[in-house]
Amino acid sequence: MSRAQNYEFQEWWNKQRDKTHDLLINTNTNIINTNSNSNSNSNSVSLDITTVVTPTSSSDLNAVTDKDRSRSARQLSYLWLLKFHQLTSSLMWITNVSLTLFRTANRRVMSNSKNSSTSTSSSSSSRLYGVIKLFLILVVILLLFELIAYFKGWHFDPPSVDSAANVFVERLYANWLEIRANWLAPPLQSLANGCIVLFLIQSVDRIVLILGCFWIKSKGLKPNAKVDYVNDGIGISVNDYPMVLVQIPMCNERECYQQSIGAVCIMDWPKDKMLVQILDDSDDSDVQLLIKSEVHKWQQRGVRIIYRHRLLRTGYKAGNLKSAMSCDYVKDYEFVAIFDADFQPTPDFLKKTVPHFKGNDDLALVQTRWAFVNKDENLLTRLQNINLSFHFEVEQQVNGIFINFFGFNGTAGVWRIQALEESGGWLDRTTVEDMDIAVRAHLCGWKFIYLNDVKCLCELPESYEAYKKQQHRWHSGPMQLFRMCFFDVIRSKVSVFKKVNLIFLFFLLRKLILPFYSFTLFCIILPLTMFITEAQLPAWVVCYVPGIMSILNILPAPRSFPFIVPYLLFENTMSVTKFNAMISGLFRFGSSYEWIVTKKLGRSSEADLVAFGEKESEPMLTRSTSMQRSSSESGIDELNKIEITKKIGKSKRNRLYRKELALAFILLAASVRSLLSAQGIHFYFLLFQGITFLVVGLDLIGEQVS
């Protein structure tokens, strides 16, 4: 029942309106400058938009009431129509996105099933997928069981074995509660506590590295060379320049061989003091012809460059480098600079690195920082840039300043040839030949220097498939090496501190414990605690500490702060690949010895290279211009052959990743179970982590191939 209108208030309002109207006529424009009381009156005038009809009878009152009701009903209908339109638009958008994802997933499922017969999976990967699949089946059964218990009300009044009714499901649930409380929860909680301890130890290590980096920045610490070839090079004789050998190992590098060869050939170093070796392991005859033609082109310009191709391609990259170092003329050279096929050093690279060897007879390696030309290409490259920025800015720099040891990155570095020979040379016993030679040189007493301000352009893998294969090699190789050199470290003559640093920090903590606890804690234990509620993970383990660690990791790349949440979720997603690689390397599974060349797309154009060279070194302007002109005058037949080989090459396609998809469904099922228990932080973490696994499993994060 509607409330009756107040007629006395309306009569008072009409009188006030008339008074205000007379006042407005008398004062004219002076009202603008009146006090706040006059402002109140002028505001009253602004309200006089509609004429107030004073009802004189009950019929007039009913007419006014009906009119107000019809107006309100019409406005309400318009409001509901607007909300319905917004809801319809949202539903249509969600439907379109869902259909697109479904079609993409269906297309990739069909493509994956057609090529399943030709693709071979490693034994360790198959074993891990089998375990994850059994875990998924168990989680689905437990979720159905918990849903039944929830709708029966057993979550609020759990039945006991003695008080359970004579119903099979209720007695089964009562037995399940007793089993999980007495037998399953204690070992699960113990495992969770152990992983939490490892997690905290690794977090402390990360904090110490960050503090060390801040100390270096605040004190301005960096290696200083005794000779400056860049600024004082005018007064230095050519005979004072040491002999430098430059090596570019490559294998079927169709997309980027020209950029790397061109960048090395225009380096500012006396021609008689530098020799370039192109170490081609390509098994594609067309690529071999293209690389030979490029080498011949630079030979005609007076560059000392030679082409080498092995008939027996054993040992992968290590075998290629070992074969090149066995040449007789290598004994005439003092240093060797190594670049992968997608790396493009600046013209003054040697002038900034080689001087550090002067006066440091115990210095074996000068490592420089990587810079990425495609770090903003897609979400995958942005997340890789965060990881590698922390690695170079923090890990390499801190270890180089304080202990003069770090892992050689395999490229963009200069070695003293004497150190390589005394350390045993290149060995092909692992897939991380760069880390292998670095550890052996460290045990022999050699020192390393890292230059954070010298950068070398390179390319990040843009597809998840290429990135996953790269990470598998990077995480299986260290475990192979740890197993092989453990007793060598124990028997070595280095100090106890260096032995502890190698075994516990370099290998165990950063190469073994990190992938173990991240996969076990967030992909296994956390979902299980949703179904075995007697074992718990605190909210600070799930959310707060990982968030703080992510912030610390992203500090070297401040422009990437908007991607902090995707970075945290993606790192947990990659833990399954790293854990699988770590297990395969530690227990000698077949996949640990796979050496697959990371696919490059040749993002760094020659024009970009010339522009970068002109910016960094003005004296090289003439030579850079000649390079640009020669690249434009290169043979049309070669360019046509590149296009033909690209077209007839193996077509790329996006794939499905079974382990990631299975873990996605496990985490999403656990999120549903956490929702039943009203666990807010755990629910959101499991939900978004499950969605991330789903996106990665459908190969939607990196390069998309139509």
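Q: Which residues does Ile 261 touch, leaving out those up to four places away in sequence?
A: Keep in mind that this is a predicted model. Contact here means heavy atoms within 4.5 Å. With sequence neighbours up to four places away left out, the list for Ile 261 is Ile 248, Met 250, Ile 278, Ile 291, Glu 294, Val 295, Trp 298 and Ile 305.

Q: Why is strand β1 described as largely enclosed by the rest of the structure?
A: Look at both sides of β1: Val 244, Val 246, Ile 248 and Met 250 point one way, while Leu 245, Gln 247 and Pro 249 point the other way, and all are buried. Buried means under 20% relative accessible area. β1 is largely enclosed because the number of its residues that are buried is seven of the seven.

Q: What is the handedness of the crossover from β1 to β2?
A: β1 and β2 (residues 274–280) pair in the parallel sense over seven bridges, with Leu 245 opposite Leu 275. Between these strands the chain passes through helix α6 (residues 257–265), and this β-α-β crossover is right-handed.

Q: Which residue in β4 is the bridge partner of Leu 245?
A: β1 also pairs with β4 (residues 335–338), in the parallel sense over four bridges. In β4, Leu 245 has as its bridge partner Val 336.

Definitions and conventions. Residues are numbered from 1 along each chain as its sequence is written. This is a predicted model: local features need pLDDT of at least 70, side-chain atom pairs count only at pLDDT 80 or more; totals for chains, interfaces and linings use all residues. Side-chain values use heavy atoms; hydrogens and water are left out. Buried means under 20% relative accessible area, exposed over 50%, partly exposed in between (1.4 Å probe, protein chains only). Helices (H or I, at least four residues) and strands (E, at least two) are DSSP runs, numbered from the N terminus. Two strands pair if DSSP finds at least two bridges between them. A crossover is right-handed if, with the strands pointing away from the viewer, the path from the first strand over the helix to the second runs clockwise.
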